[in-house]
Amino acid sequence: MSGAMVDLYEVLQVPRDANKDEIRKAYRKAALTSHPDKVPESEREAADVRFKDLQQAYDILYDEDKRHLYDTHGMAAFNGSGEPGMGEGPDLDDILASMFGMGGGMGGGMPGMGGRAKPRASPNEEQKYEIKLEDLYKGKTVKFASTKNVICTLCKGKGGKEKATAKKCSTCDGQGFKEVLTRMGQFLTQSTVVCSTCNGDGQFFAAKDKCKKCKGKKTNEAKKILEIYIPRGAKDGDRIVLEGEADQVPGQEPGDIIFQLEEEEHDVFKRAGADLMATIDVTLAEALAGFSRVVIKHLDGRGIELQHPKVPGQVLSPGQVLKVAGEGMPIKRSDARGDLYLLVNVKFPDEKWKPSAAVLERLKEMLPNSDAPIKADTVDEVEYDPKGNLEAFGSQDPHGGSAWEDEDEEPGTAQCATQ
Ligand SMILES: [Zn+2]
Ligand SMILES: [Zn+2]
């Protein structure tokens, strides 16, 4: 990222005759304020670049031999020369950890001790993917067109013509960022913002030198057909990762596109882990006399047939649960399945049923009699509303429900009637 135009003394903001101690202090100060983990996500790429520049400047200027080379030949002495330690730098957290004894607490990216870390990846793209329970049951392949930024094939991410050299950005003096003062209450705080003129590069190509294809942006938009496979038995919250399919950023490993599954609610089935539950309706006649028929359509379209009873004379009660082993959801990466729980809803006859007195008499004879009658000394026959509603239960009680709330809100207004 550091072009030939970058002045290492400017990067560290030290005078040309700075001694080693001043260089170390300047680097330490700059590194602490521009660590990529301390800036918002949107500024992280630019901060990464800035941090790498800082590290490079420190590497060269702190080493007397390298500094002499730089003073006499400039960056040409280092670029592409295979100079040890000048290529892929170690992980930022490693540098901080070794220099300042921090890093562990600065957030992720701390690799195993002594391990050489991969270059920082461009941000992952996470998105939700809503999916029907049917598709989770059967598994599904989804294809979709994606537009993403890919490294420009003409300039290979340089942004300029092959022989052109980038110019130092005068807006930010080649830093790629600017210090701004922000007022927060009575305090002024200093913060670093990415330079909008050069997008944090500290340099850019003159109009005539810009790459024709990407116009200096270093990347182009490209359409790609992506395919994800959602395995049968996948569940809400599962993540499906398309590695390296996120936007490409010059000098960085591309991040991943990650889909997080969101299971849509189903009209018929409820899911808990690998088990399914559904309510089935049976008529009163079926509940008493039995049946043999399809009671529900499964998620793959199969009709599920039940024969009831297994033993003559057994009846189905409202709320009874029929467990069908092995007819639940598939379990990922296995042939096993959960179970299906069928909750019985007995449909009693409605107003359309007009049995004759004789039929009712016969029914009474056929069905078991009620338990022993309740005995009482006094008996009152009462009227009733056959369509009573339990929501009304308790609503007329002056001491229940709302009465005590009134007491708090408006003292002295209620509470007299029953005293
Ligand atoms: Zn280009
Ligand atoms: Zn700039």
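1. Basis. This is a predicted model, in which local features need pLDDT of at least 70, side-chain atom pairs count only at pLDDT 80 or more, and totals for chains, interfaces and linings use all residues. Residues are numbered from 1 along each chain as its sequence is written, while chains are lettered from A and ligands numbered from 1 in the order in which they are written.

2. Open sheet. Three strands make up an open sheet, ordered E1-E9-E8, with mixed pairing. Its edges are strand E1 (125-131) and strand E8 (239-242), each of which pairs on one side only. On average, neighbouring strands here are turned by 25° against each other, direction ignored. Strands are DSSP runs of E, at least two residues, and helices are runs of H or I, at least four residues, numbered from the N terminus. Two strands pair if DSSP finds at least two bridges between them. The angles run from 0 to 180 degrees between N-to-C directions, with axes as lines fitted to C-alpha atoms.

3. E1 and E9. E1 and strand E9 (residues 257-263) run parallel and are joined by seven bridges. Ile131 stands opposite Glu263 in E9.

4. E2 and E7. Strand E2 (residues 140-151) pairs with E7 in the antiparallel sense, over 12 bridges. Thr141 has Tyr229 as its bridge partner in E7. Strand E7 (residues 219-230) lies largely in the open, because the number buried among its 12 residues is zero. Buried means 20 or more other C-beta atoms within 10 Å of the residue's own, exposed means 12 or fewer, and partly exposed is in between; C-beta atoms are placed from the backbone.

5. Largest core. The largest nonpolar core has 29 residues, of which Leu12, Tyr27, Leu54 and Ala57 touch the most other members. Helix H1 (8-12), helix H2 (20-33) and helix H3 (44-62) are the elements giving two or more residues to this core. H3 supplies the largest share, nine residues. A nonpolar core is a set of buried Ala, Val, Leu, Ile, Met, Phe, Trp, Tyr and Cys residues joined through C-beta atoms within 7 Å.

6. Leu54. Leaving aside neighbours within four places in sequence, Leu54 is in contact (C-beta atoms, placed from the backbone, within 7 Å) with Val11, Leu12, Tyr27, Ala30, Ala31 and Ser34. Apart from this core lies another, of 10 residues, including Leu136, Tyr137, Leu276 and Leu342.

7. His308. His308 lies in strand E13 (residues 303-308). His308 is partly exposed, because 19 other C-beta atoms lie within 10 Å. Beyond four places in sequence, His308 is in contact with Gly290, Phe291 and Leu316. His308 and Phe291 are 17 residues apart in sequence and 5.3 Å apart in space, C-alpha to C-alpha.

How values were computed. Two residues are in contact if their C-beta atoms, placed from the backbone, lie within 7 Å.
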